[in-house]
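Okay, thanks for coming, everyone. Let me put the structure up on the screen, and then we'll walk through it together.

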Amino acid sequence: MQDKLQTWVELVAKLNALTQDGKLKWTRQPIPGPSTLRDTLFVKERFVAPYKDKNFVLTSSTPTSLLSIQKQEENKIIKLEIADSDSKALVEIPDVVGIPDLYESVRFHASEVKQFINDFLNEK
Amino acid sequence: MTIEEFVSKLWDLVVAVFDFLTSSSVANTATWVGAVASTLVYLNVRTIRADFLFAARLPQLLDALQSNASTLSRYLNDFENNTDAIQTELATCKANLESVAQKMHGSTKKRIRKTARSLISDIDICSNLRPNPQKEYVRGIYTSLNGIIQDLLNLREDQKWSTRDAG
């Protein structure tokens with residue numbers, strides 16, 4: 001069991017490395033499906049990265065102030081899945097160490113913040 | 001048998017038992033048994049103390065290591081501009097790992113102790129590389145660090161269950 005978790009830890013770390021090197025491109029996508037009452041209680045974000053004939057899908061749900069939960073960032077749920085080309089989930093990766101770091105890297109690179117900062121600094 | 005004879009035989013028996021108990025071979029054996037028992041008690045108390053200290057410090061050490069890992073990951077997003085900060089973070093991380101390795105006793109924690117020590121030497125090697133640090137090396141340290149954190153999280157869960165069993 002522990003060795004299996006270690007395999008997932010390595011997979012997440014590798015995804016993070018490929019993201020940081022720009023070798024895995026993530027794009028922000030709308031949450032599929034009709035919006036429900038639950039959607040008003042959570043702020044959701046979804047990133048998708050294609051790899052071969054499948055996709056890595058990273059979803060975060062942060063409770064809104066409507067739920068009046070203290071420390072909303074700490075209650076954020078981040079889920080990593082492997083999905084088919086139709087975005088149908090095939091495997092949900094267990095909640096292992098490194099997924100929040102991956103999410104931060106994905107947001108950083110998908111939003112092209114680094115490029116924005118460099119452009120700003122190079123502005124004459 | 002008269003009363004005097006009985007008392008005399010009883011006295012002889014008491015003297016014989018006393019002589020036996022105070023003979024050097026029995027005294028030596030008793031001394032050794034006592035010494036072994038004292039050592040076992042001492043070792044048990046030491047183990048209990050170490051386990052208690054580890055259980056008390058584990059959440060804090062886990063937080064510290066998770067913070068080290070997340071910070072390293074953040075710096076790796078913009079490696080070229082964060083090389084100095086990475087070196088500082090690795091030094092903090094090494095100190096936290098040393099603290100973890102010192103508190104790992106017993107066979108179940110052997111693997112974590114071994115990995116922590118190996119990671120400490122990886123950080124030392126990384127600090128001596130030129131140019132310093134090197135991205136791929138830092139990335140390797142980040143991955144191994146996450147592995148140790150995952151092991152410690154599993155250990156914390158195991159401890160919760162063993163506490164419930166005991167309580």
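So, what order do the elements of chain B run in, from the N terminus on? They go α-α-α-α-α. In other words, you've got 5 helices and 0 strands in chain B. Before I go further, please keep in mind that this is a predicted model.

Let's stay with chain B and look at its overall form. Its radius of gyration is 29 Å, while the globule rule gives 15 Å for 167 residues, so chain B is more spread out than a compact globule. You can see that in the extents too: the C-alpha trace of chain B spans about 105 × 40 × 20 Å along its principal axes. Buried residues account for 19% of the 167 residues in chain B. And what about contacts along the chain? If you take the contacts in chain B between residues at least 6 apart in sequence, 67% of them join residues at least 24 apart.

Now let me pick out one residue, Leu97(B). It sits in helix α3 of chain B. Is Leu97(B) buried or exposed? Leu97(B) is buried, because it has 25 other C-beta atoms within 10 Å, and the cut-off for that is 20 or more. Setting aside neighbours within four places in sequence, Leu97(B) is in contact with Ala116(B), Leu119(B) and Ile120(B).

Next, β2(A) runs antiparallel to strand β3, residues 54-63, with 10 bridges between them. Glu45(A), for instance, is partnered with Ser60(A) in β3(A). Those two strands form a hairpin with 2 residues between them, and in that hairpin Lys52(A) takes a positive phi near 50°. Then β3(A) carries on to strand β4, residues 77-83, again antiparallel, through 7 bridges. There, Ser61(A) stands opposite Ile77(A) in β4(A).

Okay, how do the chains meet? The contact takes 17 residues from chain A and 17 residues from chain B. On the chain B side, α2 (24-76) and α5 (135-166) each supply at least two residues. Which element gives the largest share of that side? That would be α5(B), with 10 residues. Sorted by class, the side of chain B that touches chain A has 8 polar, 5 nonpolar and 4 charged residues.

Last stop, the largest nonpolar core, which has 38 residues. The ones touching the most other members are Val12(A), Leu58(A), Tyr142(B) and Leu145(B).

Notes
Residues numbered from 1 in each chain as written. Chains lettered and ligands numbered in written order. Predicted model: local features only at pLDDT ≥ 70, side-chain atom pairs only at ≥ 80, totals over all residues. Contact = placed C-beta atoms within 7 Å. Helix = DSSP H or I, 4+ residues; strand = E, 2+ residues; numbered from the N terminus. Nonpolar A, V, L, I, M, F, W, Y, C, P; charged D, E, K, R; others polar. Pairing = 2+ DSSP bridges. Core = buried A, V, L, I, M, F, W, Y, C linked by C-beta atoms within 7 Å. Buried ≥ 20, exposed ≤ 12 C-beta atoms within 10 Å, placed from the backbone. Rg over C-alpha atoms; globule rule 2.2 N^0.38 Å.
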